[in-house]
Amino acid sequence: PLGNLSDCPNGSRWIMDVFNECAQDSRDVASIVLGLGSIGCFIAAAFPQFYQACRTGIMDQALSIYFLLGWLGGDLLNLIGSFLADQLPLQVYTAIYYVLADLGMLSLYCYYRVKNRGRAFPAAINAAFVFLSVGSLSSLSLLGSASPEDPVTFRGRSLLSAPGDQLGPKPFSRTEIIGFTIGSISSVLYLCSRVPQICTNYKRKSTSGVSYSLFALVMLGNSLYGLSVLLKNPEPGQGQGDYILHHLPWLVGSLGVLALDVVISFQFLAYRKGRPGALEERNALLGAQDES
């Protein structure tokens, strides 16, 4: 529904009409612009890795399967949480894109795993992949048939959710508690997903086959998202501490992941010298497969 400026005196008309968000000063406008920028970074992040995978053919060696599964799990919970929190269609569609992009990256990983190694996955990984894939498809199919009970003021990884009817601090509603819990689990999965990739890079002493643009865009997106949340003015009557508390899981998820991505960035610098070229590494891998 279009916004009502009577509830937002001196607010920007176009922002209210497009995003149903009250923007009364430059801080609110900057928060929305940064939030949209973070969405663009997350949308573009997967494409460099797709290109790198097709160019080198060693995606199964370069990326950790647990990194991909953790990322998919976090995005899946983010999708469920954004729908339960009654976010605007733009945020729900963006969350759907995250899940589809993760499934595409996992599919490429599986393709190169079978092509280069010709071995099946361990049972635990197979079960996790099937569970997350079925959960993703089920969530996408149920989005159109279900509707949240009541709109809330929660904002997930995607910013700009619709404001509730009542302003000021208030107790957590049942839907808010569910959204807060799902957001917390999603943040933990985002954080845990980086650790296997850091270990994989360390064991290989190489980052060949991994696109740094993937992590650079994610780092930029998380930075813009964190700034957009911190710049947003609290609602009238709401203290800064109460505002931060309501957004704490997603702030921890974005800024915490940013810190771990900095570690991966240092690995790219440390392993840049003396690492084999993509063609040499692929030929060595194919040669070992022929000998077996």
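# Notebook: helix packing and a few buried side chains

I began with Ser38, which is buried at a relative accessible area of 2%. The model I am reading is a predicted one. Ser38 sits in helix H2. I looked up what its side chain reaches and found the backbone oxygen of Gly35 at 2.6 Å. I then listed the contacts of Ser38, leaving aside neighbours within four places in sequence, and got Gly221, Leu224 and Tyr225.

**Entry: the chain as a whole**

I stepped back to count elements. The chain has ten helices and zero strands. Read from the N terminus, the order is α-α-α-α-α-α-α-α-α-α. I noted the chain length as 292 residues, of which 49% are buried. I also checked how far apart in sequence the contacting residues are. Among contacts with a separation of 6 or more, 79% join residues 24 or more positions apart.

**Entry: H2 against H8**

I went back to H2 and looked at how it lies against H8. H2 covers residues 26-56, and its axis comes within 7 Å of the axis of H8, with a crossing of roughly 165°. Because of that angle, H2 is roughly antiparallel to H8; the cut-off for this term is an angle over 145 degrees. The crossing of H2 past H8 is left-handed. I sorted the residues of this contact by class and recorded 17 nonpolar, nine polar and one charged.

**Entry: Thr56**

Which helix holds Thr56? I found Thr56 in H2. Thr56 is buried, and its relative accessible area is 1%. Its side chain reaches the backbone oxygen of Gln52 at 2.9 Å. I also took the separation between the C-alpha atoms of Thr56 and Ser208, which is 8.4 Å. Along the chain these two residues are 152 residues apart.

Lys205 lies in the loop between H7 and H8. I noted its phi, which is positive at about 55° although Lys205 is not a glycine.

**Entry: H8 against H9**

I took H8 again, this time with H9. H8 spans residues 212-231 and H9 spans residues 240-270. Their axes come within 9 Å and cross at roughly 160°. That angle makes H8 roughly antiparallel to H9. I checked the hand of the crossing of H8 and H9 and wrote down left-handed. The residues in this contact divide into 17 nonpolar, seven polar and one charged.

**Entry: H4 against H7**

I turned to H4, residues 65-84, and its partner H7. How do the axes of H4 and H7 cross? The two come within 8 Å and cross at roughly 165°. H4 and H7 are therefore roughly antiparallel to each other. H4 passes H7 in a left-handed crossing. By class I recorded twelve nonpolar, nine polar and two charged residues in the contact of H4 with H7.

I listed part of this contact by name. On the H4 side the residues include Tyr66, Phe67, Gly70, Trp71, Gly73, Gly74 and Asp75. On the H7 side they include Thr175, Ile178, Ser186, Tyr190, Ser193 and Arg194.

**Entry: Ser193**

I picked out Ser193 from that list. Ser193 is in H7, which runs over residues 174-204. Its relative accessibility is 1%, so Ser193 counts as buried; the limit for that word is under 20%. What does Ser193 touch beyond residues up to four places away in sequence? I found Tyr66, Phe67, Gly70 and Trp71. These four are among the H4 residues that meet H7. I also found a polar atom of the Ser193 side chain 2.7 Å from the backbone oxygen of Tyr190.

Key: Residues are numbered from 1 along each chain as its sequence is written. This is a predicted model: local features need pLDDT of at least 70, side-chain atom pairs count only at pLDDT 80 or more; totals for chains, interfaces and linings use all residues. Side-chain values use heavy atoms; hydrogens and water are left out. Axes are lines fitted to C-alpha atoms, for helices over the stretch in contact, and angles run from 0 to 180 degrees between N-to-C directions. Angles under 35 degrees count as roughly parallel, over 145 as roughly antiparallel, 65 to 115 as roughly perpendicular and the rest as oblique. A crossing is left-handed if the near helix is turned anticlockwise from the far one by less than a right angle, and right-handed if clockwise. Ala, Val, Leu, Ile, Met, Phe, Trp, Tyr, Cys and Pro count as nonpolar, Asp, Glu, Lys and Arg as charged, and the others, Gly among them, as polar. Buried means under 20% relative accessible area, exposed over 50%, partly exposed in between (1.4 Å probe, protein chains only). A polar contact is a pair of N or O atoms within 3.5 Å; within protein, one must be able to donate a hydrogen and the other to accept it, and residues adjacent in sequence count only if both atoms are side-chain atoms. Contact means heavy atoms within 4.5 Å.
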